[in-house]
Amino acid sequence: MDHVETIVIGAGVIGLAIARYLARRGHEVLVLETEAAIGQHTSSRNSQVIHAGIYYPKGSDQQRLCLRGKAMLYDYCASRHVGHSRCEKLTVAPDASRVDELHDLVARGAANGVDDLYVISADEARKREPALACAGAMVSPSSGIVDAPGLMLSLLGEAQEAGAMLALNAPFLAARQVAKGFAVDVGGEEMTLTCRHLVNAAALGAWDVARGIEGLARGSIPTRNLAKGSYFSVPGASPFEALIYPMPQVGSLGVHSVQDLGGGVKFGPNMQWVDQVEYSVDPSLIPGFEAEIRAYWPGLPDGALQPESSGIRPRIWGPGDAKQEFVFQGPDVHGVDGLVQLFGFESPGLTACLAIGEHVGKMLGAKEGTRWS
Ligand SMILES: Cc1cc2nc3c(=O)[nH]c(=O)nc-3n(C[C@H](O)[C@H](O)[C@H](O)COP(=O)(O)OP(=O)(O)OC[C@H]3O[C@@H](n4cnc5c(N)ncnc54)[C@H](O)[C@@H]3O)c2cc1C
């Protein structure tokens, strides 16, 4: 039976960042991916926004990893020529009664270590963005956008350069605990491999993977909830230079305007609890989207919105629950030596991917200062 030191399940942006981190510190890594290509799920079905880190609970992993990940990501993209733009974000108050809340958001951001936020008047906002309607806006200078597919290709290239291997069409099926590690059944070519460390970074598939690990206490597996977000686009160039966000809502940052690096624009995502992973975009959502978008862009032409894409947030909290942050589960949680599981990695998972790779690498004992760090 072939042996590899570490198997990472899932070639999304997080699995690839973990593989890169480990490989560059001398670990032998194999990434298993069930699809025929990398990044076909959450990592290529999102807003591609580099988040500033304003809203996450102070002291939480989400907040800490978002701030560190944002800095790492800007450095990474600049040094590797991955497409990105520090285009700024405006969070807009729809009427005068909400302007005070913008100042509250500035204070909340500052408490979270985002100390460059400031509020501008409606006139100043219109000077910057002539198409925008608002009563005032909060500017986030460190928000931006990144080319997520380009980022994943770069992470994969660097992981492979450092010796990591990628197996496509290779779904994780099951694992058994054996002396000093795991025996892992892999579909596709139908093989069994052994490994010392197993990392479950399968995102929407993480629950099925966990249930396939023999001997793992079922009580340690959180409940799976799926929150779908759809996007609509308009033809032509973006009406805005910056990202435009409405005031934040519970469980979602609201239908925002997000431009791509080619100058086009899409609007979304909304939030719908769903039971299965299914990515069609329902045109009957258009009237609701039009109403939300026209609150800040009255010039949206009738009939312009076209279904664009959707993504699904893997969540460990569901309807009626308090919002919960994503979790890393090591042996202290589930008692299985050598196993790290990631659950609920919704936003800011893209922004934080490099910091998450570093965090998981350290959980597995990868050392700084080795070969490629
Ligand atoms: C609508 C939406 C908008 C978002 N916007 C942003 C944003 O603007 N900024 C931001 O920072 N974050 C954003 N996020 C969050 C971000 O996209 C995710 O946190 C991140 O992409 C998660 O990466 P991942 O690698 O965990 O997941 P994925 O990309 O889903 O990767 C998991 C991989 O595991 C594979 N897999 C599953 N099961 C198996 C198996 N059994 N065997 C082998 N492989 C398997 C899958 O095929 C997949 O390739 C958004 C998310 C959504 C849904």
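Select Asn-169 to begin: this residue lies in the loop between strand E9 (165–167) and strand E10 (172–178). Strands (E, at least two residues) and helices (H or I, at least four residues) are DSSP runs, numbered from the N terminus. The model is predicted, so local features need pLDDT of at least 70 and side-chain atom pairs count only at pLDDT 80 or more, whereas totals for chains, interfaces and linings use all residues. Residues are numbered from 1 along each chain as its sequence is written, and side-chain values use heavy atoms, with hydrogens and water left out.

Although Asn-169 is not a glycine, its phi is positive, at about 50°. Its relative accessibility of 44% makes Asn-169 partly exposed; with a 1.4 Å probe and protein chains only, buried means under 20% relative accessible area, exposed over 50%, and partly exposed in between.

Next, select Glu-190, in the loop between strand E11 (181–186) and strand E12 (191–200). Glu-190 is also a residue other than glycine with a positive phi, near 55°. Is Glu-190 buried or exposed? Glu-190 is exposed, its relative accessible area being 59%.

**Helices H2 and H5**

Display helix H2 (residues 61–80) together with helix H5 (residues 148–161): their axes come within 11 Å and cross at roughly 80°. H2 is therefore roughly perpendicular to H5, the class for angles of 65 to 115 degrees; angles under 35 count as roughly parallel, over 145 as roughly antiparallel and the rest as oblique. The axes are lines fitted to C-alpha atoms, for helices over the stretch in contact, and the angles run from 0 to 180 degrees between N-to-C directions.

To see the contact, show Leu-73, Tyr-76 and Arg-80 of H2 with Leu-151, Ser-154, Leu-155 and Glu-158 of H5. Contact here means heavy atoms within 4.5 Å. The residues of this contact comprise four nonpolar, one polar and two charged.

Remain in helix H2 and select Tyr-74. Tyr-74 is buried, at 6% relative accessible area. Beyond residues up to four places away in sequence, Tyr-74 touches Ile-50, His-84, Ser-85, Arg-86, Ser-142, Ser-143 and Gly-144. A polar atom of the Tyr-74 side chain lies 2.8 Å from the backbone oxygen of Ser-142. From Tyr-74 to Ser-85 is 11 residues in sequence and 8.9 Å in space, C-alpha to C-alpha.

Move to Thr-91 in strand E5 (residues 89–93). Thr-91 counts as buried, at 1% relative accessibility. Which residues is Thr-91 in contact with, leaving aside neighbours within four places in sequence? They are Tyr-55, Leu-102, Leu-105, Gly-136, Ala-137, Met-138, Tyr-245, Pro-246, Met-247 and Pro-248.

From Thr-91, go to Gly-268: 177 residues apart along the chain, their C-alpha atoms are separated by 14 Å. The peptide bond from Gly-268 to Pro-269 is cis, with omega near -15°. Pro-269 is found in the loop between strand E16 (265–268) and strand E17 (272–274).

A cis peptide bond also joins Ser-347 and Pro-348, with omega about 10°. Pro-348 lies in the loop between strand E20 (339–343) and helix H9 (353–363).

**The whole chain**

Finally, show the entire protein chain, whose secondary structure comes to nine helices and 20 strands. Its C-alpha atoms fill a box of roughly 65 × 45 × 35 Å along the principal axes. Of its 373 residues, 55% count as buried.

Terms used. Nonpolar A, V, L, I, M, F, W, Y, C, P; charged D, E, K, R; others polar. Polar contact = N/O pair within 3.5 Å; in protein donor to acceptor, adjacent residues only side chain to side chain.
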